[in-house]
Amino acid sequence: MNFRLTDKLELHLLEEAHTQELFDVTEANRAHLRPYLTFVDHSVTFDDRLTFVREQVEAYEKKLGITFAIFYENQLVGLTGSHEIDQRTKSASIGFWLVASAEGKGIMTLATRRLIDVLFETLQLHRVEIKHA
């Protein structure tokens, strides 16, 4: 499930093929992400990121979560997704992050808007909450 949002912006359902780029961008932006994301200091190796990606793929397959890699100008610049889909209550919370160089361009607004559309329209949820660090 991929979406082209603008000529420069795409969302790709997170998959193992994204792991190296995700690891690289996390490493390069560790100081920027640290104040907001607790995983930064606990996910320090490629295998840590691979485990994360595999967990997100499995969550999607079980309908418990969905995570998109955000690509701007063909480079991974962040993630947006829901890691806590509750099928019983048809609700979810969402989270997201961007690298510093991608901030201030409206990227997260468009990406998260599409995520919310997917959650409500495709997954038929009734409630979505944003959890912010």
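Colleague: Which residues of helix α1 are buried?
Modeller: Helices here are DSSP runs of H or I with at least four residues, strands are runs of E with at least two, and both are numbered from the N terminus. A residue is buried under 20% relative accessible area, exposed over 50% and partly exposed in between, with a 1.4 Å probe and protein chains only. In α1, the buried residues are Thr19, Leu22, Phe23, Val25 and Thr26.

Colleague: What pLDDT is required before side-chain atom pairs count?
Modeller: Residues are numbered from 1 along each chain as its sequence is written, and side-chain values use heavy atoms, with hydrogens and water left out. This is a predicted model, in which totals for chains, interfaces and linings use all residues, local features need pLDDT of at least 70, and side-chain atom pairs count only at pLDDT 80 or more.

Colleague: Against which elements do the buried residues of α1 pack?
Modeller: Contact means heavy atoms within 4.5 Å. The partners of the buried α1 residues are α2 (30-33), α3, β4 and β5.

Colleague: At what angle do α1 and α3 pack?
Modeller: Two packed helices are described by the angle between their axes and the distance between the axes. The axes are lines fitted to C-alpha atoms, for helices over the stretch in contact, and angles run from 0 to 180 degrees between N-to-C directions. For α1 (residues 19-28) and α3 (residues 46-61), the axes lie 9 Å apart and the angle is about 125°.

Colleague: Which word describes the orientation of α1 and α3 to each other?
Modeller: Angles under 35 degrees count as roughly parallel, over 145 as roughly antiparallel, 65 to 115 as roughly perpendicular, and the rest as oblique. The α1 and α3 angle is about 125°. The two helices are therefore oblique.

Colleague: Is the crossing of α1 and α3 left-handed or right-handed?
Modeller: A crossing is left-handed if the near helix is turned anticlockwise from the far one by less than a right angle, and right-handed if clockwise. The crossing of α1 and α3 is right-handed.

Colleague: How many nonpolar, polar and charged residues does the contact of α1 with α3 have?
Modeller: The contact is made by Thr19, Gln20, Leu22, Phe23 and Thr26 of α1 and by Phe46, Arg49, Leu50, Phe52 and Val53 of α3. Ala, Val, Leu, Ile, Met, Phe, Trp, Tyr, Cys and Pro count as nonpolar, Asp, Glu, Lys and Arg as charged, and the others, Gly among them, as polar. By class, the contact has 6 nonpolar, 3 polar and 1 charged.

Colleague: What is the relative accessibility of Arg49?
Modeller: Arg49 is found in helix α3. Leaving out residues up to four places away in sequence, Arg49 touches Thr19, Leu22, Phe23, Thr26, Phe39 and Ser43. Arg49 counts as buried because its relative accessibility is 3%.

Colleague: What distance separates the C-alpha atoms of Leu11 and Phe68?
Modeller: Leu11 is found in strand β2 and is buried, as its relative accessible area is 0%. Although Leu11 and Phe68 are 57 residues apart along the chain, their C-alpha atoms are separated by 5.7 Å.

Colleague: What is the relative accessible area of His18?
Modeller: His18 has its place in the loop between β2 and α1. Apart from neighbours within four places in sequence, His18 is in contact with His12, Leu13, Ala69, Phe71 and Leu76. His18 is buried because its relative accessible area is 8%.

Colleague: What is phi of Glu73 near?
Modeller: Most residues other than glycine have a negative phi. Glu73, in the loop between β3 and β4, counts as partly exposed at 46% relative accessibility. Its phi is positive, near 50°.
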